[in-house]
Amino acid sequence: MADCLFCSIVAEEIPADIVLSNDDVVAFRDIAPQAPVHVLVVPRDHHANVGELASAAPATTATLLQAAQEVAADEGVGDAYRVVFNTGAGAGQTVFHVHAHVIGGRNLEWPPG
Ligand code: 5GP
Ligand code: ZN
């Protein structure tokens, strides 16, 4: 999709610190990490948010969640991490290409802010 930051990262037009890549998803470190581990997992295809992804491509949704687990394990936080999908500007979504935040490596409080 034109003018989509994460489509540009997937296409390797914009550099990113990629930690996992397969036919369906790409995972890369967040540019402004909120925890010692903060990786974004995105589908290669453009979907605006997780609900739209789940409706349009359920198999890719499962692959994305498997990748999140793999990233957490590879980063050494497989026993304590959080997966966050901000959905909508009011919930903090700023990039409208669905992405799972995989966050860990520090105490994660509940409820989230
Ligand atoms: P959102 O606020 O949409 O849930 O999350 C977007 C995330 O993308 C933010 O955590 C932000 O730091 C990250 N981000 C924004 N621009 C870039 C970039 O150019 N490269 C990387 N790696 N992350 C980015
Ligand atoms: Zn996109």
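Helices (H or I, at least four residues) and strands (E, at least two) are DSSP runs, numbered from the N terminus. This is a predicted model: local features need pLDDT of at least 70, side-chain atom pairs count only at pLDDT 80 or more, and totals for chains, interfaces and linings use all residues. Residues are numbered from 1 along each chain as its sequence is written, chains are lettered from A and ligands numbered from 1 in the order in which they are written, and side-chain values use heavy atoms, leaving out hydrogens and water.

**Loops and exposure**

Proline 36 sits in the loop between β2 and β3 (37-43). Proline 36 is exposed, at 60% relative accessible area (buried is under 20%, exposed over 50%, partly exposed in between; 1.4 Å probe, protein chains only). Its C-alpha atom is 7.8 Å from that of isoleucine 103, 67 residues away along the chain.

Histidine 97 lies in the loop between β4 (81-84) and β5 (100-104). Histidine 97 counts as buried because its relative accessibility is 0%. Its side chain makes a polar contact with the side chain of histidine 46, at 3.3 Å. A polar contact is a pair of N or O atoms within 3.5 Å; within protein, one must be able to donate a hydrogen and the other to accept it, and residues adjacent in sequence count only if both atoms are side-chain atoms.

**The ligand**

Ligand 1 is surrounded by 16 residues, and the closest are Asp30, Asn86, Gly92, Thr94 and His101 (near means a heavy atom within 4 Å). By class, this shell has eight nonpolar, six polar and two charged residues. The largest share, three residues, comes from α1.

| Residue | Part of residue | Distance to a ligand 1 oxygen |
|---|---|---|
| Glycine 92 | polar backbone atom | 2.7 Å |
| Valine 95 | backbone N or O atom | 3.0 Å |
| Histidine 99 | side-chain N or O atom | 2.9 Å |

Taken alone, ligand 1 exposes 520 Å², and the protein buries 81% of that (Shrake-Rupley method, 1.4 Å probe).

**Backbone geometry**

Most residues other than glycine have a negative phi, and most peptide bonds are trans. Aspartate 3, in the segment before α1, has a positive phi near 65 degrees. Aspartate 3 is exposed because its relative accessibility is 86%. Glutamate 12, in the loop between α1 and β1 (18-21), has a positive phi near 60 degrees. Its relative accessible area is 66%, so glutamate 12 is exposed. The peptide bond from tryptophan 110 to proline 111 is cis, with omega near 0 degrees. Proline 111 belongs to the segment after β5.

Conventions: Nonpolar A, V, L, I, M, F, W, Y, C, P; charged D, E, K, R; others polar.
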